Amino acid sequence: MKRFYKDVATAASGDGFAILLDKRPIKTPARAALILPNAVLAEAVAEEWRAQGEEIDPASMAMTGFANAAIDRVAPDRDVFAKPIAAYAETDMLCYRAEVGDPQAEKQNAEWEPLLRWAEQRYDVVFTRIAGISYKDQPAATLARMSEAVLAQDDFTLAAMNPLTTISGSLVCTLALLEGQIDTETLWPIVNLEELWQAELWGEDAEALATREANRMKFEAAARFCELARETA
């Protein structure tokens, strides 16, 4: 799409903030009003629109995409949107370790166990640890409590939790990030531990490196969106 506007601004609108293109408010793909919950998130979305050149590139507008998802996809049915996010508790990456005696297991225990123990204390749950790749059920009470933790998030945070859990493979890591238990820079090598371990042993694969870098950018954008969405005046 060709750029059709010159000026981008934000303005208070009801309980939130709208994005104005040449003084006209933006709508979502579903034609709902694009209203952001606070001024800082509205400004981040507005900056994406200002940064567009002669043609609009949706791939460069992650904040706008998350905002659209929050309004068009999350708000109409939170339970449906939250279900696949909460499902990551069933197979959380942190629970699956290498076999005892494998050198990688020691590194996993050192870097993953603190986060898993934090989640157990924070949410009063118990996770089953598994050595190897065989699937084992997590306690029903744990899954129920983790689902509650997901549904407790606001619509805008939920929208960006999708890529956070998908890329990391861990609901625990996502919640730890949201609650300030760990920052993005520290968390990134933790969620890529196995891939980085293989690269250390056998050398880096160019295609894998490019994919990991692309995922890092998506992960950081989602984390930033969540942080801004949770800003208070």
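A helix crossing is left-handed if the near helix is turned anticlockwise from the far one by less than a right angle. In this predicted model, the crossing of H6 and H10 meets that description and is left-handed. The chain carries ten helices and six strands. Of its 233 residues, 44% count as buried.

**Overall build**

- Taken along the principal axes, the C-alpha atoms fill a box of roughly 65 × 40 × 30 Å.
- Contacts between residues at least 6 apart in sequence were examined, and 62% of them join residues at least 24 apart.

**Helices H6 and H10**

- Helix H6 spans residues 155–168, and helix H10 spans residues 206–229.
- The two helices pack at an angle of about 150°, and their axes are 9 Å apart.
- Angles over 145 degrees count as roughly antiparallel, so H6 and H10 are roughly antiparallel to each other.
- On the H6 side, the contact is made by Phe156, Thr157, Ala160, Met161, Pro163, Leu164, Ile167 and Ser168.
- H10 contributes Asn215, Lys218, Phe219, Ala222, Ala223, Phe225, Cys226 and Ala229.
- Sorted by class, this contact of H6 with H10 has twelve nonpolar, three polar and one charged residues.

**Thr165 in H6**

- Thr165 also lies in helix H6.
- Its relative accessible area is 0%; the cut-off for buried is under 20%, so Thr165 is buried.
- Leaving out residues up to four places away in sequence, Thr165 touches Ile85, Tyr88, Ser170, Leu171 and Thr174.

**Aromatic pairs**

- A pair of aromatic rings is described by the distance of the centres and the angle of the planes.
- Rings pair if their centres lie within 6.5 Å, and by this rule the count comes to six aromatic pairs.
- Trp118 and Tyr123 have ring centres 5.9 Å apart and planes at 80°.
- Planes over 60 degrees apart count as edge-to-face, so the pair of Trp118 and Tyr123 is edge-to-face.
- Trp118 has a relative accessible area of 13% and is therefore buried.
- Tyr123 is at 4% relative accessibility, so Tyr123 counts as buried too.
- Elsewhere, ring pairs link Phe4, Tyr5 and Trp49 into a cluster.

Notes
Residues numbered from 1 in each chain as written. Predicted model: local features only at pLDDT ≥ 70, side-chain atom pairs only at ≥ 80, totals over all residues. Heavy atoms only, no water. Axes fitted to C-alpha atoms, helices over the stretch in contact; angles between N-to-C directions. Helix = DSSP H or I, 4+ residues; strand = E, 2+ residues; numbered from the N terminus. Parallel < 35°, antiparallel > 145°, perpendicular 65-115°, else oblique. Contact = heavy atoms within 4.5 Å. Nonpolar A, V, L, I, M, F, W, Y, C, P; charged D, E, K, R; others polar. Phe/Tyr/Trp six-rings, centres within 6.5 Å; stacked < 30°, edge-to-face > 60°. Buried < 20%, exposed > 50% of the residue type's maximum accessible area, 1.4 Å probe, protein only.
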